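Student: I have a protein model open and would like to go through its layout. Could we work on it together?
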Amino acid sequence: MSNHPAAVTVNGRSYRWPSAPTVVICLDGSEPGYIETAIDKGLAPNLARLMRDGANLSALCVIPSFTNPNNLSIITGRPPAVHGIAGNYFLDPASGEEVMMNDARFLRADTIMKGFADAGARVAVVTAKDKLRALLAKGLDFATGRAIAFSAEKADQASRAANGLDEALAFVGQPLPAVYSAALSEFVFAAGVKLIASFRPDVMYLSTTDYVQHKAAPGSPAADAFYAMVDRYVGALDAAGATVVLTADHGMNDKHLPDGSPDVLYLQDALDELIEPGAARVILPITDPYVAHHGALGSFATIYLPAEADRAEIVAALAATPGVEAAMDREEACARFELPPDRVGDVVVLSGRHKVLGTTAARHDLSGLTEPLRSHGGLWEQRVPMIVNRRVAGPVPEPLRNFDAFDVALNRIVQ
Ligand code: ZN
Ligand code: ZN
């Protein structure tokens with residue numbers, strides 16, 4: 001494209017037209033320490049080089065430190081107060097029903113991908129899980145031939161009409177990966193490398209899954225193997241001339257007792273002692289159809305209370321409960337974490353570094369937890385890496401947010 005605009009404005013932020021194919025990678029659950037450990041063992045020479053010759057930054061993710069709020073923040077450049085996606089799951093005030101928030105109708109902001117595509121750019125989005133693809137691809141017009149968006153999970157079903165390409169498995173050259181596998185993320189990277197070579201997107205977004213990070217701590221064999229794989233593909237993207245920014249949606253911490261069982265504070269039980277049993281409704285926005293990762297146990301919960309309940313008293317009681325990092329009312333939570341008030345309960349609770357929040361024991365299927373629980377959602381999982389394969393000009397905003405990734409990639413690198 002020669003007659004493109006110099007910059008594109010999306011959700012009030014301006015992004016320069018890329019001078020090289022620009023790739024933002026969201027490496028799901030990439031707690032600081034995974035990459036450093038792999039580098040120390042000589043398993044990630046490309047990442048080591050990028051961190052030395054490009055930029056090795058640190059950023060804060062969005063709270064709740066869950067996958068969807070952060071992926072949507074990165075791809076819109078704005079926090080959940082603007083784009084509306086505050087979790088995987090919420091209580092729809094219109095219906096009173098608890099519903100998945102992975103339908104694109106819940107997204108209230110345009111994506112940076114759509115902004116560039118509408119301005120004539122070639123754009124590509126590849127996700128591990130299909131649940132994210134619909135949100136991240138919202139508004140893309142595949143009839144233009146300039147947009148591609150598909151998931152590894154459903155790559156066998158990709159079509160030109162719905163995803164911008166047919167025969168995605170043959171295109172990527174890998175078999176359909178299992179949904180619970182490291183291969184699901186590898187497929188995303190393999191697709192990205194193929195797309196850079198053939199489709200030549202101006203901007204591309206790659207988003208993996210945290211299957212490995214939920215099971216394997218930094219330095220463990222599975223984690224080291226995963227990061228060695230990531231390193232090969234990041235090296236290939238770099239070698240292809242792309243501008244690459246690698247960040248994460250959130251970190252990850254051990255959330256279990258010494259005996260390996262999950263360290264859970266069951267909030268419905270706690271509330272049933274404070275007010276009339278069953279009167280409070282505990283919502284865990286980590287809840288999703290893929291429970292094997294985490295048994296729906298994370299470090300963030302929101303609670304709907306009956307109108308007559310004394311919110312201040314309940315907040316104080318929860319804040320004093322062992323294992324609770326912070327408890328606050330809706331107004332404070334929405335101001336502090338930039339959340340949409342209509343998708344947050346009366347009270348927000350965050351648990352500590354090694355603690356998770358549940359409803360009642362009977363409501364959690366922990367049969368898929370084959371390893372001691374690792375999870376996320378709270379303040380202890382807010383620190384994420386941001387690695388750039390180019391030098392970055394001048395001071396970056398403090399604190400840098402993971403949803404500044406496109407700003408860094410398009411506006412702040414040394415050309
Ligand atoms: Zn995630
Ligand atoms: Zn996760």
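Student: How many Å separate the centres of domain 1 and domain 2?
Tutor: In this predicted model, the centres of the two domains, taken over C-alpha atoms, are 28 Å apart. Domain 1 comprises 7–251 + 382–411, and domain 2 comprises 264–375.

Student: And how many residues of domain 1 are in contact with domain 2?
Tutor: There are 25 residues of domain 1 in contact with 25 residues of domain 2. On the domain 1 side, α4 (80–83), β5 (89–92) and α10 (211–215) each supply at least two residues. The largest share, four residues, comes from α10.

Student: What about the residues on that side: how many are nonpolar, polar or charged?
Tutor: The side of domain 1 that touches domain 2 has 15 nonpolar, five polar and five charged residues.

Student: Changing topic: what is the order of the strands in the open sheet of seven?
Tutor: The order is β4-β19-β10-β3-β9-β7-β8, and the pairing is mixed.

Student: Why is one side of β4 and of β8 left without a neighbour in the sheet?
Tutor: β4 (55–60) and β8 (147–151) stand at the edges and each has a single partner strand, so one side of each has no neighbour there.

Student: In which sense do β3 and β9 pair?
Tutor: Strand β3 (residues 22–26) and strand β9 (residues 203–207) pair in the parallel sense, over five bridges. Within this pair, Met-204 of β9 is the bridge partner of Val-23.

Student: Which strands does helix α9 touch?
Tutor: Helix α9 (residues 182–198) packs on the sheet and touches β3, β7 (123–127), β8 and β9. The direction of α9 makes about 165° with that of β9.

Terms used: Residues numbered from 1 in each chain as written. Chains lettered and ligands numbered in written order. Predicted model: local features only at pLDDT ≥ 70, side-chain atom pairs only at ≥ 80, totals over all residues. Domains from an automatic or database assignment. Contact = placed C-beta atoms within 7 Å. Nonpolar A, V, L, I, M, F, W, Y, C, P; charged D, E, K, R; others polar. Pairing = 2+ DSSP bridges. Axes fitted to C-alpha atoms, helices over the stretch in contact; angles between N-to-C directions.
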